[in-house]
Amino acid sequence: MKRQSNINEKITALYCRLSHDDEINGDSNSIKNQKQILSAYAVQRGLTNYQFYIDDGISGTTFDREGFQQMISDIEAGKIGTVIVKDMSRFGRDYLKVGYYTEVMFAEYDIHFIAINDGVDSEREDNDFTPIRNLFNEFYAKDTSKKIRAVWKAKGSAGERIAAVPVYGYKKDPNDSKHLIIDEEAAPIVRRIYDMCLSGMGPAQIAKQLSEEKILRPSYHINNIGMSHRTDLGKNPYGWSCTGVAAILERRDYLGHTTNFKYKRKSYKCHKAVKRPEEEHMIFYNTHEAIISQEDWDAVQKIREGRRRKNKTGKVSKFLGLLYCGDCGAKLYNHAKSNSDYAYFQCGTYAYTATNGECSSHYISEKVIEQIVLAELNKIINAAEIDVNALSSALMQYCSDISQKAVSKRKKELSAAQKRYDELDRLFNKIYEDNANGKISDERFGKMANGYEAEQEKLKLTITELSSALTEHQEQSDNGKRFLNIVKRYTQLTELTTEILHEFIDKILVYAPDKSSGRRVVRVDIYYNFVGAIDTSSLAA
């Protein structure tokens, strides 16, 4: 329904829009240029009661623009009588929506619409070409989008970071905008968020604490350091969200890696980002300095994977995500009795299947498992304090299936095989020259060459097998050293925390109880990070 008002009292809306794509075409479409053209046109026609509505850096394929929506709101409120744009492409590049606004809505609200350069005037009857012009404007947007996507795909596939804004904790290198350097103000917050997670806090708790301490949200901080210029940040600069914290806890960027193609847009008209499946991501390693160590990142992912179901007492167990059934492999879930401190873990297959017949109802109390793990960890820590070299040797036995003596033997075999392989190359060259010079016959050359090639093929297989075995041993050795470095950071433990558990332990298997002795005996196997299961009874006491 039209709103009646004196046309002379109404505002003349001068609408300006510029997208990042338009900027490459020079200054003709700049906001400054549009304002000059529109204001001069309005004044010449006595429309002095004008107001600018501006969207800078916004695509014409979307109509979710702040300036445009404010103009539409003022039209619906009866404040505007005339709308003037430089040309139809400034109004928008979506054929259907442009047609709706200019031919349906504006007519309903009795709006006088003018596009100066295109000669469009809604009060004249010679606008038949306008729909075709709108269609060409949409074709232009579609073609431009296609070309830009091709450029970004090429850059992203080559390992170049394609995100326009650096991830929180980093900023662009002033000497190379393609490279990220650590933001010394934000990086400590990122490290702290990971430490808080390792200590047992969930994203909601972390967000609440950061908000209470009035630490700037990432988007506000990135704006403050000039890495972004967003205007839609909301009113609370300290309002951290649990989803924002969770996103920080999942980003591989903090390991020093670049991940491209995590999101996509369905079309050039729909600007909503949609997550791609992980197999479509492209990861480029060690592209910038890491903020979080691989060990801490892995521990956090393990915690997040097992998060975060409270038991009946409202508590979250520090063992969540670590305990598994030794018989069926399912997770063990934490249960508690109401109005009691007693909590226990039970096989998920038994607890949550309809028949309960796929596994037995074995369980273990949380206090018992804590006592077992605490005792086992202290045995390892004590062994390191007594004789770290002996512990290192013991760890190597668990990490590798071959002894150091066997490693030395394989190294010698590899060296001999490689030496013989190279020698055969020289011999082959020699008999080739002898054959060419007539010193040996073709028949003799053929037999010798076939023999050398057959021997080389066997040597190639031997070299590959020995190299693989030695590489695997080296990786296992490195894993032993990584675990030993964790052990050396601790002295006698008096209690366990979520951080300690996930730093030391990969998983814990709990088996069905054995009652053959008349007592209930539960077997528990602890698998440590990097080294697997360890027989602590053989360690120095």
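Predicted model: local features only at pLDDT ≥ 70, side-chain atom pairs only at ≥ 80, totals over all residues.

Student: Is R17 buried or exposed?

Tutor: R17 counts as buried, because its relative accessibility is 0%, and buried here means under 20% relative accessible area.

Student: Which backbone oxygens does the side chain of R17 meet, then?

Tutor: There are two to look at. A polar atom of the R17 side chain lies 3.0 Å from the backbone oxygen of I58. The side chain of R17 also reaches the backbone oxygen of S89, at 2.7 Å.

Student: What about T12, where is that?

Tutor: T12 is in strand β1. With a relative accessible area of 4%, T12 is buried.

Student: And which residues does T12 touch?

Tutor: Leaving aside residues up to four places away in sequence, T12 touches L47, N49, Y50, Q51, T82 and I84.

Student: I84 is on that list. Which residue stands opposite I84 in β4?

Tutor: I84 stands opposite I114 in β4. The strands concerned are β3, residues 80-85, and β4; they run parallel and are joined by 4 bridges.

Student: Which way do the side chains of β4 point?

Tutor: Strand β4 covers residues 112-115; H112 and I114 point one way, while F113 and A115 point the other way. All of these residues are buried.

Student: Which residue is the bridge partner of I114 in β5?

Tutor: That partner is D121. Strand β5, residues 120-121, pairs with β4 over 2 bridges in the antiparallel sense. β4 and β5 form a hairpin, with 4 residues between them. In the turn, G119 has a positive phi of about 70°.

Student: Changing topic to helices: which residues of α8 are buried?

Tutor: Helix α8 spans residues 203-212, and its buried residues are P203, I206, A207 and L210. Seen down the axis of α8, they fall within an arc of 100°, so they line one face of the helix.

Student: Why would residues spaced like that point the same way?

Tutor: An α-helix has 3.6 residues a turn, so residues three or four places apart point the same way.

Student: What does the face of α8 turned away from the buried side carry?

Tutor: It carries the exposed residues A204, K208 and E212. Just after α8, K214 takes a positive phi of about 55°.

Student: Now the sheets. What is the strand order in the open sheet of 4 strands?

Tutor: The order is β12-β16-β17-β18, and the pairing is mixed. β12 (323-325) and β18 (532-533) stand at the edges with a single partner strand each, so one side of each has no neighbour in the sheet.

Student: How many bridges join β12 to β16?

Tutor: There are 3 bridges between β12 and β16, residues 505-510, and these strands run parallel. Within that pair, L323 stands opposite I508 in β16.

Student: Which helix packs on that sheet?

Tutor: Helix α13, residues 366-386, packs on it and touches β12, β16 and β17 (524-528). The direction of α13 makes about 50° with that of β17.

Student: And what is the order in the open sheet of 3 strands?

Tutor: There the order is β13-β14-β15, with antiparallel pairing. β13 (332-336) and β15 (363-365) are at the edges, each with a single partner strand, so one side of each is left without a neighbour in the sheet. From one strand to the next, the twist averages 25°.

Student: Which residue of β14 does L332 stand opposite?

Tutor: L332 stands opposite C347 in β14. Strand β14, residues 343-347, runs antiparallel to β13, and 5 bridges join them. Helix α13 packs on this sheet as well, touching β13, β14 and β15, and its direction makes about 75° with that of β15.

Student: To finish, how many helices and strands does the protein come to?

Tutor: The secondary structure comes to 17 helices and 18 strands. The protein has 541 residues, of which 42% count as buried. It exposes about 30,500 Å², with carbon and sulfur atoms supplying 49% of that area.

Student: And what share of contacts joins residues at least 24 apart?

Tutor: Among contacts between residues at least 6 apart in sequence, that share is 64%.

Conventions
Residues numbered from 1 in each chain as written. Heavy atoms only, no water. Pairing = 2+ DSSP bridges. Contact = heavy atoms within 4.5 Å. Axes fitted to C-alpha atoms, helices over the stretch in contact; angles between N-to-C directions. Buried < 20%, exposed > 50% of the residue type's maximum accessible area, 1.4 Å probe, protein only. Areas by Shrake-Rupley, 256 points an atom, 1.4 Å probe, with all protein chains shown as cover. Arc of directions from axis to C-beta. Polar contact = N/O pair within 3.5 Å; in protein donor to acceptor, adjacent residues only side chain to side chain.
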